[in-house]
Amino acid sequence: MEREKGRADGRRDRNGQRAGGRRERTPARAVPVRLGQTYEVVIDRLGFQGEGVARVEGFTVFVPGALIGERVVARMERVERSFARAVLLQVVEAAEERVLPRCSVYAECGGCNLQHMSAEAQLRMKKMTVMDALERIGRFPKEDVRAWVRDVIPSPNVWQYRNKVTWTVSVEAGRFAVGFVEEGSHDPVDTDDCAIVPEHVLRIVKAMRRVDEAVRGADMERGGETERGVDRSAASSPGQGAGTSAAMLSPWRGVHHVRVRTNGAAEVLIALLVAPGVTFSPEDVRLFRIELEAQRVKVVGLIADDGVAERVLFGQAQMEERIAGLAFGVSSRSFMQVNPAQAERLYAEALALAGLTGTQRVWDIYAGIGTLTLMAGRQAGSVVGVEIVEEAVRDAQMNIERNGMHHVRMMLGDAQDVVSRLAEDERPDVVFLDPPRAGCEKRVLDAICDAAPARIVYVSCNSATLARDLRILADRGYAVDVAQPLDMFPQTSHVECVVSTYRVD
């Protein structure tokens, strides 16, 4: 009778409720790890951002800095119901792919996260990242994905390759610091060492530090007087050492970030990102210029940018860069690929996959300053670039004139609205998509599909949003034939990918 009673009480209806009407709750699974405790684990795979993934009694633990096959000791720093994140304390058994990080502040800096992994292992991981996203997020069959995704094209340079860098600036408690933000915080790692930034760019940090020391030293001796026409005791900008007299003396007290661009001629364009209302004394600008010259930094221009407008402190607001034989004017805010040597290969792959023969009508959506737009212009009958950022469109129009490509034009506006207007007059043969990390809005993809181009070539820096958008295109009748990953960002988990799709009749 007890057995029969148990069976009766255990009956459920189709909604998962017991026969008595109450929904049965599955007991919460006990988490087998505790916050702050250390465990020895074995890494069996890598996560999306290159972190090691281990299992403790079937429970997922992420261990940044660990590699597949390694036995490590890790301390739990965050424990959730379904996963935990740990700090790597010791590598007990190292993988063959482990190498010594080149950067002296690698353990503290959040700028790049794979310097402990060999170049070959990084390429394998990035290919798997693309494949995994297409399978899990795009819901494409594994056999199709394996046929589409090629091996990752390595970067010609894996060190000192970045042509753009944005550092965080902090002036607090009398201490000036500049660098990439420390992992898990908002504080910069104060260093002039970075393995992925060219040496001449790093010398800008040295110049800033020297000017800070000189200005504050002189002002402290004078007791904060205003001999050079700037009141050092004026209220500091929020977050820049307000209430700390030593911090108020710093010439960088209102600067929250420094954005630097460089080109193939090793020239630099420097933008000081400041709070509204922040100004610089002519004397401080002069001192900075002198120190930059002493550090052998070739400066095209120095700009103050408060988020609304840019103000040139000296020099000019643009620099010139050459890519694949074309000249581009680049401003501080312009988007351009950060790895110029690999960017040429990226655009060459995109053009090859587009199959341009000199007669096609081409649209380039999210055109930026027109890099791919102009490169396509050398192989197409007509090209229209579409961009929503007014400054980028202005730069692109100047680049069109600079290169004499009068069959190329730019249109300013929201991609969906512009595409809908364009489609009233013409149908494109090829459409290039190169959106930001967030990918394309569905309404933009729908508008492009309504225009029915024969081929869509998608350039992406985010495998997750790429896979999501490719699923939308597939549901609208576009099939993938090639996915070519490129290592645009060595020493980091990011991967660029160019995907070719064609319209299925």
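Predicted model: local features only at pLDDT ≥ 70, side-chain atom pairs only at ≥ 80, totals over all residues.
Lys442, Leu445, Asp446 and Cys449 of helix H11 are in contact with Asp469, Ile472 and Leu473 of helix H12.

Now the geometry. Two packed helices are described by the angle between their axes and the distance between the axes. Here H11 covers residues 442–451 and H12 covers residues 463–475. Their axes come within 10 Å and cross at roughly 35°. The crossing of H11 past H12 is right-handed.

Next, the strands. Is strand S15, residues 382–387, largely enclosed or open? S15 is largely enclosed by the rest of the structure, because 5 of its 6 residues are buried, meaning under 20% relative accessible area.

Which strands pair with S15? One is S14, residues 361–365, which runs parallel to S15 and is joined to it by 5 bridges. Another is S16, residues 408–412, also paired with S15 in the parallel sense, over 5 bridges.

Take Val384 in S15 as a reference point. Trp363 stands opposite Val384, and in S16 the bridge partner of Val384 is Arg409.

Last, how the chain gets from strand to strand. From S14 the chain goes through helix H8, residues 371–377, to reach S15, and this β-α-β crossover is right-handed. S15 then forms a β-α-β unit with helix H9, residues 390–403, and S16, and that unit is right-handed.

How values were computed:
Residues numbered from 1 in each chain as written. Heavy atoms only, no water. Axes fitted to C-alpha atoms, helices over the stretch in contact; angles between N-to-C directions. Helix = DSSP H or I, 4+ residues; strand = E, 2+ residues; numbered from the N terminus. Left-handed = near helix turned anticlockwise from the far one by under 90°. Contact = heavy atoms within 4.5 Å. Buried < 20%, exposed > 50% of the residue type's maximum accessible area, 1.4 Å probe, protein only. Pairing = 2+ DSSP bridges. Right-handed = clockwise from strand over helix to strand, strands pointing away.
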